[in-house]
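Please look over the sequence and the structure shown here before reading on. The report after them is arranged by topic.

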2 protein chains.
Amino acid sequence: MSAYKKDVVMKLETVPRRKIRDEVAERIKEYIAAERLGLGDRLPTEGELAVRFGVSRLSVREATKALEFLGIVEAKTGVGLAVGQLDMARMADHLGFLPALQQAESQQLIDSRVIVETGVLARVAERMTQDPSIAESLQAIVEEFRTARTIQTWIDLDIRFHRTLLESSGLAPIVAFGDLLQVFFQRFRDSVKKAEWKAAIESHQFIIDRLQAGDVSAAASELREHIESHRQRIGAGR
Amino acid sequence: MSAYKKDVVMKLETVPRRKIRDEVAERIKEYIAAERLGLGDRLPTEGELAVRFGVSRLSVREATKALEFLGIVEAKTGVGLAVGQLDMARMADHLGFLPALQQAESQQLIDSRVIVETGVLARVAERMTQDPSIAESLQAIVEEFRTARTIQTWIDLDIRFHRTLLESSGLAPIVAFGDLLQVFFQRFRDSVKKAEWKAAIESHQFIIDRLQAGDVSAAASELREHIESHRQRIGAGR
DNA sequence: CTCGTCAGATTGTCAGATAATCTATTCGCC
DNA sequence: GGCGAATAGATTATCTGACAATCTGACGAG
């Protein structure tokens with residue numbers, strides 16, 4: 001057989017022979033990175049990639065389909081392959097299978113959000129003093145709140161408010177994590193009464209005011225209470 | 001040139017009809033969820049899935065290969081398909097293409113870590129008073145630190161310390177986020193001098209002591225300083 | 001009882017073919 | 001000549017069939 005010395009470099013682990021498609025997928029990712037390709041940039045066709053890598057078109061397909069599933073590449077019939085955009089929403093869709101998040105109790109989600117959102121407040125307050133547009137953005141959302149009439153609008157605005165708050169920290173990783181939590185939060189954001197949303201508006205307003213006044217701890221207290229108000233609605237969970 | 005993305009604004013049922021493989025992938029995920037399958041549980045064979053879904057085996061393959069790429073399923077030659085473990089490390093491997101993290105400055109990664117890790121301290125301190133094993137676990141790592149001699153060992157122990165700290169909060173989502181940040185942190189954890197590690201040991205010890213004493217703010221200050229000590233080593237970063 | 005061998009099952013890979021879809025050129029009509 | 005429709009080529013989407021590689025389990029020799 002082919003038990004040659006190539007095995008020497010291998011480790012002792014069960015030696016799961018590297019699959020061709022994984023190799024191809026890696027090469028494609030390297031290609032994208034090396035060529036500094038961005039969203040929408042074209043990639044070689046499946047056939048060309050097959051020839052270039054010296055494998056069948058099927059192996060290339062399995063690799064590109066896997067990458068497409070992740071969102072790294074996009075394939076359009078009759079056009080070709082292009083670089084896609086890997087966004088957190090799509091990722092969260094698959095991440096539903098991540099045990100850490102799947103098994104996470106609702107209470108853990110709430111507590112995690114409290115930690116992250118209150119954690120950025122000091123930073124946000126500081127940036128507010130140098131960039132007036134931060135307070136304006138938040139205030140604009142609250143104003144929209146007052147004129148909104150449907151539940152769905154309220155939910156969307158609430159999501160936007162909290163996301164804008166995280167964005168105001170200027171920390172992209174935190175925003176990404178917030179997006180991720182958001183997906184799992186969705187499930188118990190639906191059952192909400194009108195009266196509660198009225199209180200939420202004033203709660204948001206209060207947070208903005210306190211932040212502008214530099215009173216971080218007061219803002220944090222209010223935000224904590226605001227987020228934890230969801231706690232009461234989570235008894236029937238699955 | 002490249003391409004207006006008219007598709008972006010469109011809803012689901014527009015021109016691009018749902019691909020079969022995406023449908024199959026969705027069905028497989030539903031199957032796993034419905035049957036409450038966990039790590040290692042067997043799935044029907046490719047052929048059987050093909051018959052059951054009424055599609056060719058190749059379409060099933062493209063779906064399973066995409067799911068395998070994500071880690072949701074595992075395929076072993078000659079054995080069959082099984083449910084896999086979707087872990088954050090594997091995910092982070094692909095997430096290198098996530099703009100939010102790719103573009104994130106090193107400074108943002110550091111600040112994000114500070115927020116998350118200091119954010120859990122109050123919770124950890126409280127849980128410490130009821131569960132002695134928490135302090136023991138952290139203390140054990142520090143003891144290992146004192147006998148460690150290689151750089152790699154130090155790095156591994158440092159990672160373990162911070163991960164254990166997050167785990168002690170009991171918040172699985174936070175731990176997952178920490179793992180994610182860890183991957184991107186790795187790149188400037190290598191260049192470290194011996195003297196700095198000696199200081200790190202005492203820093204870790206100090207944090208444990210302060211937490212046990214219930215002095216959260218002192219622990220937070222030390223932790224912040226400890227993490228931000230990486231800041232000095234990140235000038236050459238790309 | 002232990003070990004090797006073998007048959008069956010299952011995934012991995014390939015080749016070829018057809019359908020669907022998009023792009024760009026060409027053709028026809030005015 | 002200009003403009004829109006028809007057409008041809010390119011590319012992905014899917015299917016069929018086949019063979020190779022590998023694992024599992026049973027069976028039998030010693």
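## The model

This is a predicted model, in which local features need pLDDT of at least 70, side-chain atom pairs count only at pLDDT 80 or more, and totals for chains, interfaces and linings use all residues. Residues are numbered from 1 along each chain as its sequence is written, while chains are lettered from A and ligands numbered from 1 in the order in which they are written.

## Chain A

Chain A has eleven helices and two strands; both are DSSP runs numbered from the N terminus, helices being H or I with at least four residues and strands E with at least two. Along the sequence the pattern is α-α-α-β-β-α-α-α-α-α-α-α-α. Of its 238 residues, 34% are buried, that is, 20 or more other C-beta atoms, placed from the backbone, lie within 10 Å of the residue's own.

Strand β1 (residues 73-76) of chain A pairs with β2(A) in the antiparallel sense over four bridges; pairing requires that DSSP finds at least two bridges between the strands. Lys76(A) has Gly80(A) in β2(A) as its bridge partner. The two strands, β1(A) and β2(A), form a hairpin with three residues between them, and Gly78(A) in the turn has a positive phi of about 80°.

## Two copies

Chain B is superposed on chain A by a rotation of 180° with 0.1 Å of shift along its axis, at an RMSD of 0.3 Å. This is the relation of a two-fold axis. The superposition is by least squares on the C-alpha atoms of residues with pLDDT of at least 70 in both copies. Within chain B, Ala66(B) comes closest to the rotation axis, at 1.9 Å (C-alpha).

## The contact between chains

Chain B gives 35 residues to the contact and chain A gives 36 residues; residues are in contact if their C-beta atoms, placed from the backbone, lie within 7 Å. On the side of chain B that touches chain A, the elements giving two or more residues are α1 (20-34), α3 (57-70), α5 (99-102), α6 (106-128) and α9 (172-185) of chain B. The largest share of that side, eight residues, comes from α6(B).

Because 94% of the interface residues of chain B are also interface residues in chain A, the copies meet through the same surface.

## The surface near DNA strand D

Around DNA strand D there are 22 residues, of which Thr45(A), Ile20(B), Ser56(B), Ser59(B) and Gly78(B) come nearest; a residue is near a strand if its C-beta atom, placed from the backbone, lies within 6 Å of it. Elements giving two or more residues to this surface are α2 (46-53) and β2 (80-83) of chain A, together with α1 and α3 of chain B. The largest share, three residues, comes from α3(B).

Note on methods: Contact = placed C-beta atoms within 7 Å. Buried ≥ 20, exposed ≤ 12 C-beta atoms within 10 Å, placed from the backbone.
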